[in-house]
Amino acid sequence: MITNIKDQLRTFLSQTLDVFFSGDSQCPEIEMDVPAEKQHGEFSSNIALKSAKILKKSPMIIAQEFYPVLLEALERSPLKPAIAKIEVKNPGFINFHLSPSVFYQVISDALQAEINYGRNTKGQNQRVLVEFVSANPTGPLSVAHARQAAVGDSLVN
């Protein structure tokens, strides 16, 4: 659910901010990250920082110009109930705070799916090479090498 919102936010930003870029310049790739500090919300984008060279302005000014456009677009977006707050922070990050209903939905999904929650079929029937022990020929083997071998063997099994 939250991963889905992350993708939806990326698409929302891309479509909304396209108006700031002329035909010659294209909107940079939208990145959505989880901020290191919880007070900055659940997701953060550095799009204003990445746009500074293109738009030839300070990232903070760009983020402040993006802000009212994002708020207006959010009012018409299906994402509206999921976003509690959007804020701009130095040096030009745009932070998104999710509403509690998003987290309640994750709990509900987990309870409904029971033991199958979080399972998916990505990579199913594909071969994977896992290299889990690297014995350094220039130095002695240690207990850590043995631990890595045990963890890697368990992972592969």
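This is a guided tour of selected residues in a predicted model. Residues are numbered from 1 along each chain as its sequence is written, and side-chain values use heavy atoms, with hydrogens and water left out. Because the model is predicted, local features need pLDDT of at least 70 and side-chain atom pairs count only at pLDDT 80 or more, whereas totals for chains, interfaces and linings use all residues.

Start by selecting isoleucine 94, which sits in strand E4, residues 93-98 (helices, H or I of at least four residues, and strands, E of at least two, are DSSP runs numbered from the N terminus). Isoleucine 94 has a relative accessible area of 0% and is therefore buried (buried means under 20% relative accessible area, exposed over 50%, and partly exposed in between, with a 1.4 Å probe and protein chains only). Leaving aside residues up to four places away in sequence, its contacts include Phe43, Ser45, Ala63, Phe66 and Leu70, where contact means heavy atoms within 4.5 Å.

From there, move to serine 45 in strand E2, residues 43-45, which is likewise buried, at 0% relative accessibility. A polar atom of the serine 45 side chain lies 3.3 Å from the backbone nitrogen of isoleucine 47. Among the residues that serine 45 touches, again not counting those up to four places away in sequence, are Leu13, Ile30, Met32 and Ile94.

Next, select the peptide bond from asparagine 90 to proline 91, which is cis, with omega near 0°; proline 91 belongs to the loop between strand E3 (83-89) and E4. Isoleucine 61 counts as partly exposed, at 42% relative accessibility.

Most residues other than glycine have a negative phi, and most peptide bonds are trans. Lysine 56, in the loop between helix H2 (47-55) and H3, has a positive phi of about 55° and is exposed, with a relative accessible area of 70%. Glutamate 114, in the loop between helix H4 (100-113) and H5, has a positive phi of about 50° and is also exposed, at 62%.

Finish at valine 156, which is found in helix H5, residues 143-156, and is partly exposed, with a relative accessible area of 46%.

How values were computed:
Polar contact = N/O pair within 3.5 Å; in protein donor to acceptor, adjacent residues only side chain to side chain.
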